[in-house]
Every structure is written in C-alpha cells, then in structure tokens.
4 protein chains.
Amino acid sequence: MPLSPDQTAEIAAARATPRMTLRAVSEGMEAHLYRAHDVLDHGFIRVIDYMGDDAAIVQAARVSYGAGTKHVSNDEGLIRYLMRHWHSTPFEMCEIKLHVKLPVFVARQWIRHRTANVNEYSARYSILDREFYIPAPDQLAAQSTVNNQGRGAVLEGAEAARVLDLLKSDAGRAFDHYEAMLADTQPDGSPQQGLARELARMNLPMNTYTQWYWKTDLHNLFHFLRLRADAHAQYEIRVYAEAIAACVKDWVPLAHAAFEDYRMGGENLSAKAVAVLKRRLAGEVVGWEESGMSKGEWREFVGVWG
Amino acid sequence: MPLSPDQTAEIAAARATPRMTLRAVSEGMEAHLYRAHDVLDHGFIRVIDYMGDDAAIVQAARVSYGAGTKHVSNDEGLIRYLMRHWHSTPFEMCEIKLHVKLPVFVARQWIRHRTANVNEYSARYSILDREFYIPAPDQLAAQSTVNNQGRGAVLEGAEAARVLDLLKSDAGRAFDHYEAMLADTQPDGSPQQGLARELARMNLPMNTYTQWYWKTDLHNLFHFLRLRADAHAQYEIRVYAEAIAACVKDWVPLAHAAFEDYRMGGENLSAKAVAVLKRRLAGEVVGWEESGMSKGEWREFVGVWG
Amino acid sequence: MPLSPDQTAEIAAARATPRMTLRAVSEGMEAHLYRAHDVLDHGFIRVIDYMGDDAAIVQAARVSYGAGTKHVSNDEGLIRYLMRHWHSTPFEMCEIKLHVKLPVFVARQWIRHRTANVNEYSARYSILDREFYIPAPDQLAAQSTVNNQGRGAVLEGAEAARVLDLLKSDAGRAFDHYEAMLADTQPDGSPQQGLARELARMNLPMNTYTQWYWKTDLHNLFHFLRLRADAHAQYEIRVYAEAIAACVKDWVPLAHAAFEDYRMGGENLSAKAVAVLKRRLAGEVVGWEESGMSKGEWREFVGVWG
Amino acid sequence: MPLSPDQTAEIAAARATPRMTLRAVSEGMEAHLYRAHDVLDHGFIRVIDYMGDDAAIVQAARVSYGAGTKHVSNDEGLIRYLMRHWHSTPFEMCEIKLHVKLPVFVARQWIRHRTANVNEYSARYSILDREFYIPAPDQLAAQSTVNNQGRGAVLEGAEAARVLDLLKSDAGRAFDHYEAMLADTQPDGSPQQGLARELARMNLPMNTYTQWYWKTDLHNLFHFLRLRADAHAQYEIRVYAEAIAACVKDWVPLAHAAFEDYRMGGENLSAKAVAVLKRRLAGEVVGWEESGMSKGEWREFVGVWG
C-alpha cells in the first residue's frame, strides 16, 4: 500500500476544497488532481498541478489576446499542423507537475530527461522507507537472446523462485543493516554514535523506492512519452509513462490525439527506406540486397512493412 | 493605446468567467490575470497563467503529500533558507506565462535568457502594426562618459528635438515603404505582385514593437529580474522587469521578499573584499593600494562601502 | 567584402601557427579553421574551434578507455544505429564554435535555438558597421499565394527596381541618422552631446548586419540543420545552414552521412499515412476520402508519395 | 586499482601520438589528457578533451577576429571584470569532456546538474564490475547533531568495525547474487535461463561504481564546482570536484583565479547583512536582536564575520 491513512487524508482534504480561478481549466485534469495512480508494487504518480489546456496551445501559436479559436475543429486542425511540422514552442506553453514514487534504478533512467524540474526526497536529510520493487512473476524475465538490452522469456519454476528469494532477502537484509547503522543504540541496547544518513544510504539496493516532484512542459513530456512509452523501453519505466499518458489524454485531448497519430503510431523512414517503398509501390520486388541497408536496419524495416 | 476595443473586450470576457479548480490559487495573482500593465509608450505585460504559490515551493522542497507547512512562519523560514543557500529547484516548481508587447531591440536582449518558452508573433506570416518606441524626453540621454554601455545626461533643446524628429520620421517612412512593398497595388492603383512578408520586414527599424508569449519558472524569472531590474540594465528592459516584479510580489510574497533581501538588496564580496572589510572592522584603515583590487573594482567597492 | 585587410591578416596568422595536441583531430575540419565562408552579400561563417570527431561519438557511446573501435566499418554501423534510434547523447560529445556575421532578422530566427552558447557584438558598447543585407535580384520574391509564410515568383521589372531602391535608400538614410545622432558635433561643426549608443541603435533596420560567436554540440547542430537547411526555411537562414553543413561533412563524415540518410532525406509518417501506404502496397487504390487526413496533410503526403 | 593493464596501455597509446592542430592549445591541459586522477578507493577522473583557453574567453567577449588581446594583463583584467559582473556567456565558450568513475549515490547527486552532456555505462547492456565504495576509516562519520544533512565525529572502535563489515559483506553478497542471477548455470552446473541484466542490476547497492563521459562548458563547470567543492557538499562528491578544479587551474589559470576570488573565496551578503556590517563599520555594536535575521542566518553570519 503506497499511501498511509494520513496521506490519504491529506489527498482527500486537497480534493475537498475547490476554489475560484480565472485561469484556463481542464475538467479532465481536475478529476485527476492529487489522486494516486498505482504503478508497480509500491509506486504511484499523482498530478499535483497543471497549466494550460488545448486552447492555450492555439492561443500561444497565434500570440492572441483571447483564448483559442472560435471553433474546436479549427483548434484541432492547427494543433495537428503544429505537431506534423515539429513546432515545439506552442506545446511548451502547457506545464504539468507530478509527484512520483519510483524505484531508484527507474529514477536513474528518468532523470536523463534534462529539461524538467525535479525535487527528490533527500536521503542525506531523511531516512528512507522500507520499500523495494520486487517484480511480479510475469515480469521476471530472462535476458533476451537477440536484444542486448532487453528481456526474453519469463523465468519459470525453481529459477524464478530463487531470484525472487534473493531479491527479497538481500533488500530486507540491506535495510535491516541500514537501520542498524543509523541507530543510536546497538541491538543489545547499549549506545552507539549512529552512522551519518548520507553514508548509510549507500548500503541500500537500487530497487529501493524514492520519490520526487517532477515538472515539465507538454513538448518535453511528449518527448519523454515517445521514448519511455515505447515498446523498447524497460517495462518498469514504461508503466509510469503509460500512467502519465492516460492523464495527458484527459488533460489535452486534441494534442494527445495528434501525438498518438504523428509520434507514437507513426514511422520514421530513412532516405533508403523511402526509396525501397517507392520502388515497391511501383510494383518492384525489393529485397535486402537492393536496399542498401544493414541487416539490423532491414530487420526493423521488414518488421513494419513486411 | 496598446489595446483595441476588441482586445479590451476579450480581456474583460476572460476576467468575467471564473471557474472552479482544485489547484493552488494565489489570490494576489488572480487580480492581475489578463490585465495589461502599460510599459513604455505602446508596450505592456499581461499575466496569462501561473502555476503554484509560496506553499508550492515548500511542498516541493519537502516532497510532501499535502500543501506547505502548518504555519506560514515556517514556510517563510524555509523559503528564506532555500534562497540563502542557493537551492534553485523548489523555486522552479512555480511557473508564470506572460503576454508581452515590446520593441525589437528589447526583445533581442530579453531572448538571451534561454531557459524560457517563447512564441513570438511571426512577421513571416503576418503584417506588423505601425507602432514604434519613441523615448520620452527624460529618457533621451547622451552616451555616458564613464560607462561604455550606459547613458549620461539627458539631451536638451535643439539636439533632443533633432533626435526625436529623426527617430519618428525614419520609423514612419520605413513603415510607409514596408506597406508599399507589401501592397498588391502601386500608389497609382496599378497592380503589382507585392514583396514577400518575410523580406519586407527587414526594412523596419529595431524600435518596431513585436509581441510574444513568454513562460518561465520562478527560479529563472528571479535570475532575469536580478539582471534586468538592476540599475545597470538598460532602462527600456528595466521597466518591463519592474512591472513583472510587481506582479511576482503579489503572487508569491514570501519568495519575493527573500529575493529582495538576498539578491536585489544584497552584495557579493570577493575574497579580496572580504579581507578588506575584516581589516576595517578590526579598526585598520585600508585603501586601494592595500586592497589588491584593480581600480575599477575598487571604485565599485567604495561605491558600496565608502 | 566582409573582411578588412587587418582581419584577413589575423586569420592568416592564426592558420600559420600549428601546434601539437594529444586531442582528437579532424583533418577535414582543420582545413576550415578560421577561414571565412561567404554567405549572402556581406555575411560569413568561420569555424573557430571544434571538439571531437566520428570516433569520439563511438567512444562516448561505449564509455570506453581508448578511441573508437578497431575498424571504421564498425564505427559507421554504430553511428547509424545511434542516429536511427534517436540516441542523442553520443552526438552531444562533439562541439563546434563558429564566428558568424548575419543580418539581424536572421539572427532573430537563429537565436530561437536555445541549446547553444552565444556572444553577440554589443551595440550598447560599440558602434555598428554600415552594412546591410540587400537581396540579390533572384531572391527578391513576391509573397507566396499558397503558403502564408513563404515566397512565390521573383519580382520583375519596375517593381523589383522600386523595392531595391527603397531597401537601399532607407538603410542608408537610417545609418546616416544613426551616425548623426551619435556624433559629438552637428553637421555645421558645432558641438552636441551625442545620443547614447544603446538608444541610437534602435533607428537601424533589421537587415543591418551583426555578428556573434555561436557554440553548440553536434546533436543540437543537427537539429538546427534539419529545420534550417530544410526547403521550408527562409532562404536567408538556409544559406547559413548549408554553409555550416558543408563544414560538418568534412568534420564528422560518418555522422553527417547518417544524418543525411535518416533526417534530411527521410520522411516522417503518421499512423494514418502508414495505413494508407500499407493498403497501397497491398494493391488498393486509396484516395483522400479514405485517408482520414485533412486536405493540407493529404497535399503534403501526395507531394512525397504521389 | 581502477585501471587494468589493457586500459593503462590504451591511455599510454593515446598520449604517445601527438598531432598538429590549428586550434587553441592549453599546455597545462595537454599534460592532463587521458591520465587517470585517482578519487576515492576505486574512482577516477580523466580529461578526455577540451576546447578553448583563457584567450578564447576574451576573444568571445569581444567577438573578435583574432585571439585575445595583445597583453596577458589585459586578458586578466577583462576576465576578472566578466566574472565580477556575472557575465556567463564568455565562459561558456570553453568546454571540457571527462571520463569519470564514481559510486552510484555520487552519480545521483552529480546528474542533478542538468546543463551537461552525459553518456553512462549501461547496466541494461553490460555487466557491471565488482567494485564498491567503502569509506576510509577517517571518513566513517556519525550523523551531525547540528546539521540535518551532514556528518559529525568519526566513528570509533567496535562501531566503526561493525559498519565497515556490514558495508563490505552486504556489497559482496549482493554482487555474488547479481552474478548468480545472471548466470546461465546454477552453482551445481545445471543450466538456467539467467535473469535479464536490466532486472538483475536492481539488487546492487548504491555504493556500486559506475562510469560516464561527462561534458560541460566552463561556466556551468564553475557552477558545479562552487556547489560541490564547497565545505557543505558531501565529502564523496567534493573530492571529485577538487580533482577537477586542479585540472581547471592548469587549463585556464586566469579564469580559475577569478573564480577562486569571486566565487569560492567570496561571500554573499543579504540586505540585512549589509546593514549590520555598515553599522559595525560605523562603530556600532550590533547583535542578533538588532539584525532582523533568523537564528540560523545569524549563526552563519557570525561564522564569517565574528
């Protein structure tokens, strides 16, 4: 259970006190505010704040005095045009702030997206909670035999049991020792100094949960989602990206639909790939030998186009 | 008059339709929303949107589930601590979006602050308005004789009149020719092709007004204000910075007060300056020869400390 | 002529003094160092410094102790893989520094690329040169009738002559008045105070030339080139992008070739476009009505695929 | 020993092949290139490449055609002026690329500096080495009793021994299990699938060593050094900052000296602190009650000024 009764009460209190504003409001996003969407075994994402909506994208693109265009259909056409032609600045006019609880090894991938604002829970200042990510059985997978950075078949039987046991027992023991090093008494009750928190934390494994406030604009969020909601992303970050994407869909439905069409569902073709497709459309049979592509590239091409 | 009746009506309409939100609300900032604050002769700033308030800074610094601390006095102490120790990320959790109308030569200084999002009115796509910045008489100053990038005494009499006349007549003529080049008819009514907008604009002077949507976080805004609301900044950008600072004061009063104390009203001392002050505090008389400073540095030091 | 004899001598001196280094060296780039490549009527680009080469990209991607792989063919394959899968960080490991002379209206487009370092010649501090961009006759084009931000046919005859005359005379007069306002004497020789440089500059038109040092990494440079060397970019910035691209080709030939194949020569397909192409490859005739695309989108699609 | 014989040989080979360049060369930095400077028990920093020198800072500030000024004393004065007045862009014209080996918990602090380029060794793709940071006895400190994020007295006797034993045994066991989970055989030699590397890594503790290529410009490096070479930074990152600072001193001695004087050795005073100092300089005795400062602020003030 990621949330304590106190935390649940704080969230309920925050949702119980609506106030008046003159700002742009997204009803879809208001429904998400503060609520924890569970991710993995102990993680979550919570939308803490947002700025702007679909109309704000249009308004900024036009540098206009009022809000959006007169008709939603015009807004949609303009948003699709902006997405198609890689206009990034209008999408930067929307902003989102999230509270995220996530394993450290996921946080280390996530933080590589630099155009965001982050405040992480400090393990120099505070003591971490005893919470670790332990994969569900269907995610406990073997190393892929074809992809150097991917997973293959799910582990089975005794091997799966051994791995789960190791992950759980090592994490538990590491945390016991973390607490023992921090403590001002020894197990027998005699006093000790207690190791500095900034040192003791180094004993914890990378599946320890941490949490942060993370804020970014919609353009950079789409970039994050394109890379991290992608099938090649590691499962443990992909589920966070998917949970965020579901909120984005309710927040800016027009921009999200354009993103789905042009980015997530689209394809990038190289000049060589364009040439092959044009020859095929003209009725030619074109194979790897005539493509000019490497074997890996051809495999990816055939994966999409047959 | 920077705003047309249509624009004024759009702003009034935007202010007439409050809505419910669960987000953090700053009453001080709600009062500013959409309203145009006049700057220079035809410019303005308008707050279009904002995210967060003083409590949001505290909440992010603590990575907490609820909002802020229980007592405002605690919030103030923490905010001052964060500002004093150069913690930048909690201030990044607040965001502001402005609509600004400003002369091109001011926009060129402003844009050098890179950590912001900008959508500028496009003179490739649209035709600019006939509006130019003409300095007020008390701002029509001579080149400074001591500062290579500053102004000295105000121009007087015939010289001031000549300068104003040149600025006005050159701008007016340039705009007449801009329109003539764009037009699809010649002055005599016979047709012509009309020059492309992306070319015709090059004839306009740099006091032409442009406008943009500009969005940044509070940390980077404070950095902007520190440099641009400073006495060494050019007057024409300083007045924009001051107009924005007045809104920030109403938006996040605690953070603004800390900024005033530690940044705007504070001083940076070099190691050499620290040494001089310590010797003076010990009763020594220390002059330039003993300071190890250059003459320019000493002049600045004496300007503050006597 | 963009360069004075003094400047030419400084460049020759810089090229006459080779020194020893243990750093990665790109012979192709050494040939460009300091030399001015003319752009437009008075502009140029000059490569002032660079960091890294193709092998440095590979080295960083592998976090290796030595340089690159053993075989160039391996480097090429890895670089193409990185480009195909949008790995940006290895390309960020190369850096370039340019000295650029360019019209102000071009500089205003260019500066929108924020992930770069810029030092611009200061017109608060210094007096600008009397140099303006005047389009060559074959670039003096009418407004496009189909593209709101593009040009159409070249102007002809009397209209072209009128436009050229206006651009030249307005720029010349504006510069005369700039000098007159700055001067410490009036035309009749009697003294005057002289307007501050930071004010006088506002009288100059946007085709005035400025110059800057501009430094960026290879990933962000490729992004700049993709947008600015594109056929939809304004001609006056495209020629700068093309001049830079020619240097990049000599600097990092493998990375440049991958960029050409995957970015400049490639195509982005939306999910809708993928669906249409797959149906066409299966022998179906698919027109606009069945595509689900807007008219503008379909026009762009047909422009590529027929 | 952080380097294997192969790695040592690669470094020697890189240092054995000087080449000619026309670029700016810093002799002080050439002496550092590729060499590993040991940090902590298994870490290092190595300078892999650099761009620019002191003269390049001056050249960019002046947007000049040649290199620097005629006299080093002029360069020094200008560099000090730029540093004193917070001109950041000229310092951005120098760039450095480092290869760093560091514990994960240090990497997590380091990466918070976002304006840098990073390529980290991938534990999805590769298997990590069996190397952990174990503090030296004089760094094994208790939690500070006055600073929530600092250390106090060094642990002694049995407690120190217990902590070292826990850190070593937990890290060793975690790595044994990491290898066991990855292996394609069980300890008894019978085959198993082997857990995916991207999952197995989560069992490793945060004192595991990782490595990366890290590239940044001199302005942002100075900012990093100011925060991380500071006495309040955690020891384990401070020693990296100090090792880098020693290289910077040899690379750009004038800029480094200005940085030392204005940033590392300087002091920031709030408006309140300025007021107190001015009253003291005028002979008044001013204590906490009259200062308007909080107790924490006053303690810091007295720490410097008595």
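Colleague: How many residues of domain 1 of chain A are in contact with domain 2 of chain A?

Modeller: In this predicted model, 19 residues of domain 1 of chain A are in contact with 17 residues of domain 2 of chain A. They are called contacts because heavy atoms lie within 4.5 Å.

Colleague: What area do domain 1 of chain A and domain 2 of chain A bury between them?

Modeller: About 1700 Å², with 53% of it on carbon and sulfur atoms. On the domain 1 side, A:Arg124, A:Arg130 and A:Phe132 supply 34% of the area buried against domain 2 of chain A, more than any other three residues.

Colleague: What makes A:Asp176 and A:Arg130 a salt bridge?

Modeller: The closest N and O atoms of A:Asp176 and A:Arg130 are 2.8 Å apart. The cut-off is 4 Å, so the pair qualifies.

Colleague: How many residue pairs are in polar contact between domain 1 of chain A and domain 2 of chain A?

Modeller: Twelve, counting pairs with both residues at pLDDT 80 or more.

Colleague: Which helix gives the most to the side of domain 1 of chain A that touches domain 2 of chain A?

Modeller: H5(A), with three residues. Helix H5 (104-110) and helix H9 (235-251) of chain A each supply at least two residues of that side. By class, that side has ten nonpolar, three polar and six charged residues.

Technical notes: Residues numbered from 1 in each chain as written. Chains lettered and ligands numbered in written order. Predicted model: local features only at pLDDT ≥ 70, side-chain atom pairs only at ≥ 80, totals over all residues. Heavy atoms only, no water. Buried area = accessible area lost by both parts, 1.4 Å probe. Salt bridge = Lys/Arg side-chain N within 4 Å of Asp/Glu carboxyl O. Polar contact = N/O pair within 3.5 Å; in protein donor to acceptor, adjacent residues only side chain to side chain. Helix = DSSP H or I, 4+ residues; strand = E, 2+ residues; numbered from the N terminus. Nonpolar A, V, L, I, M, F, W, Y, C, P; charged D, E, K, R; others polar.
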